[in-house]
Amino acid sequence: MQASNLISSSLITLHPDDDGTKALSLMDELRVNHLAVVRNTFYLGIISEKEILNWDSPDEFIDEHLTELSTPSVIGSQHLFDIIQVVEQNSLSIIPVLDEKKHYLGAISNRKLLYTIAKSTAVQSAGGVIVLQMKQNDYIMSEIARILESNNTKILSSYITSTPNAQEMELTLKLNKVDITAIVKDLERFDYKITASYKKDNQEDDFLDRYESLMRFLNP
């Protein structure tokens, strides 16, 4: 999924001649904390609600603060994962999309990103979730996949959580099998540390149900 396919038609841009009051009103109406500032299709930067509230007065014009604006963006051909990374690194509620010549094409809301993730095959498909904790040097995906495949199970998606310079990491796996009891036992037999596991038929743990409810709530 590319950025150009995720552009939200409802998002409006700001012009340098607009003032902070108008910007805040639009942000409230659109339920975002950021908006792109554009002049003649040229992207000048992104402005946030927090920045405007730090001005001496919200009646000031954006043009007076252009040098203070950051310019995060993605190119229309960039993949969903690249978009998520830029949004997360900059703590954005929207991300502007540009063409190869840096002309503004539109913007993607983080709500649209969440909706797109929710509609992905990996999230929609039934199956269990396993979270493994291990040292960075012990991570060999082919070995983990071999254990799972020996249980006639495939990985629908995987996600690594780690921090810079950390020696350990967490690997979250979404599997195509609901009953993961045997898989958990096999992984433990190979000395993998399982910090959490969830399956659809476990009445004592409704993690998956709550996760899917959240995704349905985010569906615009």
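With the side chain of which residue does the side chain of His 65 make a polar contact? The model is a predicted one, and in it the partner is Trp 55, at 3.4 Å. His 65 sits in the loop that runs between helix H2 (49-53) and E3. Its relative accessible area is 9%, under the 20% limit, so His 65 counts as buried. Leaving aside residues up to four places away in sequence, His 65 touches Trp 55 and Glu 60.

From one buried residue we can turn to groups of them. In soluble globular proteins, nonpolar side chains tend to be buried together. Here the largest nonpolar core has 35 residues, and those with the most contacts inside it are Leu 14, Ile 47, Ile 83, Ile 95 and Ile 108. Several helices and strands each supply at least two residues of this core, including helix H1 (20-30), helix H3 (80-90), strand E1 (34-39) and strand E5 (104-109). Apart from this core lies another one, of 16 residues, among them Met 169, Leu 175, Ile 180 and Ile 194.

Next comes a sheet. Strands of a sheet pair through backbone hydrogen bonds, either parallel or antiparallel. In this model four strands form an open sheet in the order E7-E8-E6-E9, with antiparallel pairing. Strand E7 (155-161) and strand E9 (193-198) stand at the edges; each has a single partner strand, so one side of each has no neighbour in the sheet. From one strand to the next, the twist averages 20°. Strand E6 (residues 129-135) and strand E8 (residues 168-175) are joined by seven bridges. Helix H6 (residues 141-150) lies across E6, E7 and E8, and runs at about 35° to E8.

Two loop residues have backbone angles worth checking. Ser 91, in the loop between H3 and E4, has a phi near 50°, a positive value in a residue other than glycine. With a relative accessible area of 58%, Ser 91 is exposed. Lys 102, in the loop between E4 and E5, also has a positive phi, near 70°.

How many salt bridges does the structure hold? There are three. In one of them, Asp 18 pairs with Lys 22, the closest N and O atoms being 3.2 Å apart. Asp 18 is buried, at 12% relative accessible area, whereas Lys 22 is partly exposed, at 41%.

Arg 39 forms a salt bridge with Asp 63, with the closest N and O atoms 3.7 Å apart. This pair links distant parts of the chain, since Arg 39 is in strand E1 and Asp 63 is in the loop between H2 and E3, 24 residues apart. Arg 39 is partly exposed, at 31%, and Asp 63 is partly exposed, at 40%.

Arg 189 and Asp 186 also meet in a salt bridge, at 3.3 Å from N to O. Both lie in helix H7 (residues 181-189), three residues apart, about one turn of the helix. Arg 189 is exposed, at 57%, while Asp 186 is buried, at 17%.

Terms used:
Residues numbered from 1 in each chain as written. Predicted model: local features only at pLDDT ≥ 70, side-chain atom pairs only at ≥ 80, totals over all residues. Heavy atoms only, no water. Core = buried A, V, L, I, M, F, W, Y, C linked by side-chain atoms within 4.5 Å. Buried < 20%, exposed > 50% of the residue type's maximum accessible area, 1.4 Å probe, protein only. Pairing = 2+ DSSP bridges. Axes fitted to C-alpha atoms, helices over the stretch in contact; angles between N-to-C directions. Contact = heavy atoms within 4.5 Å. Polar contact = N/O pair within 3.5 Å; in protein donor to acceptor, adjacent residues only side chain to side chain. Salt bridge = Lys/Arg side-chain N within 4 Å of Asp/Glu carboxyl O.
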